[in-house]
Amino acid sequence: MPYSLRHAGVSLWIKSGVDPAEVAARAGHSIAVLYRFYAKILKGGQQHSNDLISRALDEGEES
């Protein structure tokens, strides 16, 4: 059970948009381990990433 809760916590952090390097540090993993075990979750955020990039580009044009 503790492993399931840990996995759920790490998954929640990733889905919430926490930087993968920060998630890895908090979970006690290396980045390589994080990507190996949570690759499916990390890949699922492509549209969210695109939206963040677009927003940042739009803000840069307004400056």
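Residues are numbered from 1 along each chain as its sequence is written, and side-chain values use heavy atoms, with hydrogens and water left out. Because the model is predicted, local features require pLDDT of at least 70 and side-chain atom pairs count only at pLDDT 80 or more, whereas totals for chains, interfaces and linings use all residues.

In soluble globular proteins, nonpolar side chains tend to be buried together. With residues up to four places away in sequence left aside, Leu-34 is in contact (heavy atoms within 4.5 Å) with Val-10, Ile-14, Pro-20, Val-23, Ala-24, His-29, Ala-39 and Leu-42. Ser-11 is located in helix α1 and is buried, at 13% relative accessibility; buried denotes under 20% relative accessible area, exposed over 50% and partly exposed in between, for a 1.4 Å probe and protein chains only.

The largest pocket holds about 300 Å³ of space. A pocket is an open set of points on a 1 Å grid over the protein atoms alone, where a 1.4 Å probe fits, with protein on both sides within 12 Å along at least five of seven lines; lining residues have an atom within 4 Å of a point. The lining consists of 15 residues, of which Ile-14, Gly-17, Gly-45, His-48 and Ser-49 are the closest to the pocket centre. At least two lining residues are supplied by each of α1 (2–15), α2 (20–27), α3 (31–43) and α4 (46–62), and α4 gives the most, with 3 residues. By class, the lining has 7 nonpolar, 6 polar and 2 charged residues, with Gly counted as polar.

The structure contains 1 salt bridge, defined as a side-chain nitrogen of Lys or Arg within 4 Å of a carboxyl oxygen of Asp or Glu. The bridge joins Arg-26 and Glu-22, at 2.6 Å from N to O. These residues are separated by about one helical turn, because Arg-26 and Glu-22 are 4 residues apart in helix α2. Arg-26 is exposed, with a relative accessible area of 58%, while Glu-22 is partly exposed at 34%.

Notes: Grid points are joined across faces, edges and corners, and a volume is the space filled by probe spheres set on the points.
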